Amino acid sequence: MSCLFCKIVSLEIPAEIVAESELSVAFNDISPQAPTHVLIVPKKHFPNVAELANNNPATVADLFLLAEEIAKSRGLVGYRTVFNTGAEAGQSVFHAHLHLLGGRSLHWPPG
Ligand code: 5GP
Ligand code: ZN
């Protein structure tokens, strides 16, 4: 399996892991766009969140619960959670991942 995030989940490739649940792993984004920029990924491989929701909906909830836990533990007053789906939306790694962004004022709409 040549998937980058599968390799991070299996510890084949190092990452700064910040939290974990039975179903998901959270690690710092290598190119942070905010003081908190964490990627929360299912341990099992799905190419995007639609596939994940179809096959394993409980894990979608788990990703958001882990995001909330990390945000609370850091005392974030607000945060943004984002799934990019498809290259046109900016998805570059085709293993479903929830971006958790916070620690600064975030603007809307995003670029
Ligand atoms: P996407 O563009 O697919 O929504 O998000 C992929 C994210 O993965 C990007 O924010 C990018 O900075 C991050 N990323 C890419 N390669 C690595 C890596 O090797 N390690 C970590 N921790 N993050 C990565
Ligand atoms: Zn994968």
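**How the terms apply to this model**

Trainee: Which element gives the largest share of the shell around ligand 1, and how many residues is that?

Mentor: That is H1, with 3 residues. Helices are DSSP runs of H or I with at least four residues, strands are runs of E with at least two, and both are numbered from the N terminus. Helix H1 covers 4-9, so its run meets the requirement of at least four residues.

Trainee: How should I read the numbers and names here?

Mentor: This is a predicted model, in which local features need pLDDT of at least 70 and side-chain atom pairs count only at pLDDT 80 or more, while totals for chains, interfaces and linings use all residues. Residues are numbered from 1 along each chain as its sequence is written, chains are lettered from A and ligands numbered from 1 in the order in which they are written, and side-chain values use heavy atoms, leaving out hydrogens and water.

Trainee: Which of the residues around ligand 1 come nearest?

Mentor: Of the 16 residues there, Asp29, Asn84, Gly90, Ser92 and His99 come nearest. A residue counts as near if one of its heavy atoms lies within 4 Å of the molecule. By class, the shell holds 7 nonpolar, 8 polar and 1 charged residues. Here Ala, Val, Leu, Ile, Met, Phe, Trp, Tyr, Cys and Pro are nonpolar, Asp, Glu, Lys and Arg are charged, and the others, Gly among them, are polar.

Trainee: How much of ligand 1 does the protein cover?

Mentor: On its own, ligand 1 has 520 Å² of accessible area, and the protein covers 82% of it. Such areas come from the Shrake-Rupley method with a 1.4 Å probe; for residues, only the protein chains shown count as cover.

Trainee: Why is serine 21 called buried?

Mentor: Buried means under 20% relative accessible area, exposed means over 50%, and partly exposed lies in between (1.4 Å probe, protein chains only). Serine 21 has 19%, so it counts as buried. It sits in the loop between strand E1 (17-20) and E2, and its side chain makes a polar contact of 2.6 Å with that of aspartate 62.

Trainee: And what makes histidine 37 buried?

Mentor: Histidine 37, in strand E3, has a relative accessibility of 6%, so it is buried. A polar atom of its side chain lies 3.0 Å from the backbone nitrogen of glutamine 33. Leaving out residues up to four places away in sequence, histidine 37 touches several others, including Phe27, Pro32 and His99; contact means heavy atoms within 4.5 Å.

Trainee: Why do alanine 58 and proline 57 count as exposed?

Mentor: Alanine 58 has 51% relative accessibility, so it is exposed; proline 57 has 52%, so it is exposed as well. Helix H3 holds alanine 58 and proline 57.

Trainee: Which residues touch the most other members of the largest nonpolar core?

Mentor: Among its 14 residues, they are Ala26, Val38, Ile40, Leu52, Leu66, Ile70 and Leu100. A nonpolar core is a set of buried Ala, Val, Leu, Ile, Met, Phe, Trp, Tyr and Cys residues joined through side-chain atoms within 4.5 Å. H3 gives the most to this core, with 5 residues. In soluble globular proteins, nonpolar side chains tend to be buried together.

Terms used. A polar contact is a pair of N or O atoms within 3.5 Å; within protein, one must be able to donate a hydrogen and the other to accept it, and residues adjacent in sequence count only if both atoms are side-chain atoms.
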